[in-house]
Each structure stands twice: as C-alpha cells, then as structure tokens.
Amino acid sequence: MTKGKSFSGAERNASQAVKTVKFYSRGRSDDESLQGEHVEAERLSKHDLKRISNNLLKTRITLPVFKYKDSIMEHLLSNQVTILIGETGSGKSTQLPQFLLEKLTAAHGNKRIAVTQPRRVAAINLATRVAQEYGCRVGDRVGYAVRFDNKTNSKTRLKYLTDGMLLREIMLDRNLSDYTCVIIDEAHERTILTDLILGFLKELIHGLRPDLKVVVMSATLQAEKFSAFFNDAPILFVEGRKYPVQRNYLKEPCDDVVDAIIRCCVQINQGEQLGDILCFMPGQEEIDKAVVVLNKISEHLGTSVPRLIALPLYAALPPSEQAKVFLPLKGFKRKVVFSTNLAETSVTISGVKFVVDSGLRKVKVWRHNLGLATLLTVPISKASASQRTGRAGRENPGKCYRLYREQDYQKLPMQTEPEIARSEITSPVLMLKKIGVQDIVNWSWLENPGKQAILLALQELYQLKALDDQGKITSKGQQMALLPLAPHLSCVLLQARDSGCLLPVIDIVSCLSVENLLLNPLPELRDEINEKRFSIATRGAKFGDLIMMKELYNAYVSLRSSAEKDEWCKDLCVSKRGFRNVVKVRSQLISYMEKLFNEKIDVSETGMDNDSFDVKSVIQCFLAGFMKNSAIGMPDRSFRTSTTGETISVHPSSMLFMDRSCPAILYTEYIFTTKGYARNVSRLELSWLQEIVGMSNVKISAR
DNA sequence: GAGCACTGC
C-alpha cells in the first residue's frame, strides 16, 4: 500500500513551532467509537465499578499519552491558557480531563472542571466512558449535562456538557464561579457557540477570573489562530495515529458529480480488495439519484466482482433508514454509502476503506443586507477534504478518490468559513447583551462578524423590544435570552402570554423548534399523504402551516399507546422522534415560562379540541415576532414582501402552496434556492396586519 | 407551480 502524502505545511508548522509530544495510540479512539460500550452502571456495586475501572486502567496505561502525562501536565499547570492539538485517537478528550481532575481538585476541592462538546451524543458518551475509567457511576464524580438530560449531582467534579449548555450557565453566572477549569473540545469546528465561549473566556480571564484555567483542544489547522487569540498561549502537539490514506485526483474536471461518483465506485469494485466505500456528496437530491442508479447498475456487473449495495445517509432520513449504513453485509458484497457532511464529523461508519469525495457541500449563507438565507452548493475547504479523506484510514490503510484535479485542490481555502461569519446573529448578540457586553462591535470576537451584521442584529433586537433606544437590554430582552429559542420565537411566546393564548402558541413554537418534523413523502405517495394531512388539519387547510402544526400536535397527543402513535406518524409521514421531541420541548418551555414569571401554568385547559383557540390571536402573536416576514398578495397572484417588495413564493412543502385566496401571508423563514421561498406560511387578513404593524411601514395594495 | 447541509439551549 502506498504511503499517504505528508501533512500540509500548516500542520507541520504547528508541530515545529512548539514542544512536540508524540505517541501512537493502540487503544480505542476517543470519540464516537465509544458508542455501544455502555455498561449499566446504575446496577453495579462499588466493587464492580472498581473492578471495571482497574481493567480499563490496564488499557489506559499502555497509551503513550499516559507516559507523557507529567510533561503535558507541567505545561498545563504552568500556563493559564494552553492550546492542545490532538489528533483523532490521541485520547485527549478522555484522559486529559482526568489528569486535571487529580491535580486541580486537590487544590480546589469544591470546584469543577467543565469539558464542552459541540454535540450531545459526544458529551454523553465521553462522560459515560470516563466515569467507567474513574470507577464511578455517571452523575457522581463524573457527569454530564445536555438539554433534557442532566446527570450531575453536588459531588460532580468533572462535567461534560454541550457548548450551548455552558453558555446558558454563563448567562446565569457570568463569573463561572463553579469552575476552576474550562476545557473547550473540538474548537476547530468553529461553531457559533464555541466561538462565543472562547471570546467570553478571554474577557473573563483578563477580568474577574485571573485564576481560571482554560484549555482549548483542536485539530491541527487552527492552532496558531487560537494561540494568537489568547496572547500567544503555548501550543502542545500530541500526535495521534492515523493509517496512511492514498490520495488520487482526476486528470480532467468532471461536470456531472453523480455520473463521476458512480463510475468511480464501479472502478473501485473491479480493481480493489474488499472494503466499503463512503461517498461524500452535496445534498439529498444527488444522493437519492446516485442510490437509484448504482443499485440498478450493480445487477449487471456479474458475479466475479462483489455485489454493490448502495445506501443513502443524510439527516432528514428516518432513523430506521440511517441505521442500515451501520449493519455489516454478509457474503460477497460491498457497501457503498452516499452521504452528506453528516459522515464527516457526526457519524462514523466502520469498515470504510475507500472514500470518494465530490469536493462539494451545501451551505446555508445568511445575507444580512437582504434579510434572507440562501442555500448554496460550494467547494469544500482543504481541512474538510482532509477530514473526509481520513474517514478511509480509521481502521486500516485506505484510499481516497477526489473528483477534482490536484490544481483545483490547491486552490481550495485552507479552512471552512466559521459559522458565525455566514449566519444571522440576533441570538448571539442577545446573549452578549445578557452577559452584560455593552460594545458589541469591539467585543473580543474570535471572528468579528462585521459592523453591518452587528448593526442589523441590534436593529432587529430593538424592533423585538429586546433592547431599548440606548441599546441596553430590556427586561423583556432578559427573558427572551433565557428562553431556549431564537429571539423571534421567544418574542412570540412572550406576546402569547400577554394575549392570553400561551398554550396553543407554546405547542406551535415547540413544533417549529424541532427539525424535520414533517418528512418528505415519496413522490408516488405525496398526494395521498397531503390529503390525509388536510383531513386532520381542517383549520390548517385554510390558515396554513402554523395552525396545522397545532392540529397535528393535538391529534398526536390524543393517541394513547405508543404503537398507535407510531402508526399515526407513519400514516402521515411525520417524524415520531420529532414528535417525541416536541413533547419534551413543550414541557421545557412551560417550566421555563413558569420560572420566568414565577407563576403556575395550568396545562389542564389545553384540550384536544381544535376549536378551543382563537386563530386570529395565535397568528397575531407570531406577527409580533415576525413582523418583517409578511408579504402582500398582488393582483397577478404573486406575493411581495412588505419590507422590500421582493417577489416571494409559497414553498411547495406548505399547506398553502395550492391556495390562491390569501390576501397576505406570514412566514417564519425566507430562503432563496432557485427563487425566494416562504416556509411555514400562514394566511393573513389585511386587517390583522394593519392592527399589528400599523399603516406606517407597510404598503398594502388590495387585490 | 415544485424542494432542504449540520448543530445547540
């Protein structure tokens, strides 16, 4: 097997510039592969826990990271901020926090160590594993906190949590006085929330907490950026072990991604030893097409080569379909998984020996000046290409086929643009205001989103009455920041309380904050499923998607058994996992509202009766949060946005797609793909609009 | 008259 190419320049620089601790992991890796290793710790005795811990220790001490413990700890303890670059399999996420736990809690007995993760599963899996290694139950000395699931108690000293969760804690206690050390893991992913935490920690250690220790853990490419941000904090480089992956490029660029990927898979199948193939593609459309084509072709390839089994993988796919990609195949077969970015970080498939990379991804880019989101297919970054390639070398040496030329690869940007640079930032700005930041433009941004973006966010928050005309956070803004919702939806909820229709609005807001609740039916079932949805949501048929969600929710909770619920979900092509989440979100929102206003919400009055709420009041609550998201019907039957007069169309997924009678519409999302689409659409009467918005800034032309 | 990458509280 040919050895893979050497690291890129930036990776080498990072390792040369600093003290290098190299090791080769022989144990299991420190991330997703922990799945399925859980032991029912609750049922085990102290003796059993100790025994398991001792057994695991035998594995842990064979890890060279254990051998370098003293040297790593020396750096960590003598610096306030340390950047730790650790590759996959370096054990950094499980071992380092335990080393620190030993040292720091000896000195600060009642304080905690926080380890943040961008994803819930990672936080839960890591805490579960580390508790075993430590020899305790999860939720005792070692625990975790993610939304809907808090396994910590007063004895917890090592706490794994999602970065969203830590930000909540920051908003409630801006000194983080519970903690002696904060470890930010996977910082290179540059999620908005990770960026905010880093900026916040920088201010905190230079202000009220000069004693707080900070460790930033990241993959190679961004080390210098983090180091420079924290006043040249030392970078520690811990090498993991990856198997070599041979990289192959195209000689000529291809113009049809699906065609090129299929050819490549067939070629691999004919020339290479057994091993599964993982193909990275931009989106669902290309994936579905490739699956159909490859499954058709594989029938005609003969029996001298493995039978190709094509499988799709993307987030909108039902979990039962997603599960198929993890099942090993029996017999003379080769699995070909066509995946979105999902398989780049969130999911690991074992058995993959070959990666085919289209070099493309889909990305949602917010246009501040237009006030809309666009969904674009764009080339990936070098970092992303390297991550995708690495998926072929997790268990054995592998090969990667890049469907672009080497000179095209050289032209790719080094890193993916951080999320905060291409997103709407009303929510981050409100969080900063809540924390007490006055000057948002000059705050310690890891990546400053720009003056225009910030001013537009401030303006938006002012219109939602979260800020006063001095730019100071109002008491309404304080409440909005504490609700686990986008500011617009928080505003809707607060309006609903004032209007006396909190319960139906909470149900709808809960539906809106769960992703992929309504699944896309297969084309041949579409009309049938639509009919079923219309027959259940009789008022939604007239008033649109928000009202439909309330009716679907009512229908869902009126079913008794979970078997009935599952059947119903399947029948209407809605996500059962989604609806289970709706129920959780709903009860969380109710309890948060109770806490905010120190009052008890009487849930009994929410009946199964769809007619027990007033449609006009409910939709007017949404107008309070989405004032600018309204459009007026024109004589030619198109809609024009009331803010800019742009043409906007009702999205085909909406209940109102076929409706020709709406005088005006309200929508919660405005997204540009092939043209401007309104999603989650409600019917508006012109008089409703006038009552709420007033005549001043909306031009209304009657149909 | 037609479509949607991924997270988080």
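User: Buried means under 20% relative accessible area, exposed over 50% and partly exposed in between, with a 1.4 Å probe and protein chains only; is Cys400 buried or exposed?

Analyst: Cys400 is buried, with a relative accessible area of 0%. This is a predicted model in which local features need pLDDT of at least 70 and side-chain atom pairs count only at pLDDT 80 or more, while totals for chains, interfaces and linings use all residues. Side-chain values use heavy atoms, leaving out hydrogens and water, residues are numbered from 1 along each chain as its sequence is written, and chains are lettered from A and ligands numbered from 1 in written order.

User: New topic: what order do the strands of the six-stranded sheet have?

Analyst: The open sheet runs S10-S17-S14-S11-S13-S12 with parallel pairing; strands are DSSP runs of E, at least two residues, helices are runs of H or I, at least four, both numbered from the N terminus, and two strands pair if DSSP finds at least two bridges between them.

User: Which strands stand at the edges?

Analyst: S10 (245-249) and S12 (307-313), each with a single partner strand, so one side of each lacks a neighbour in the sheet. S10 pairs with S17 (residues 398-402) over five bridges, and Val245 stands opposite Gly398 in S17.
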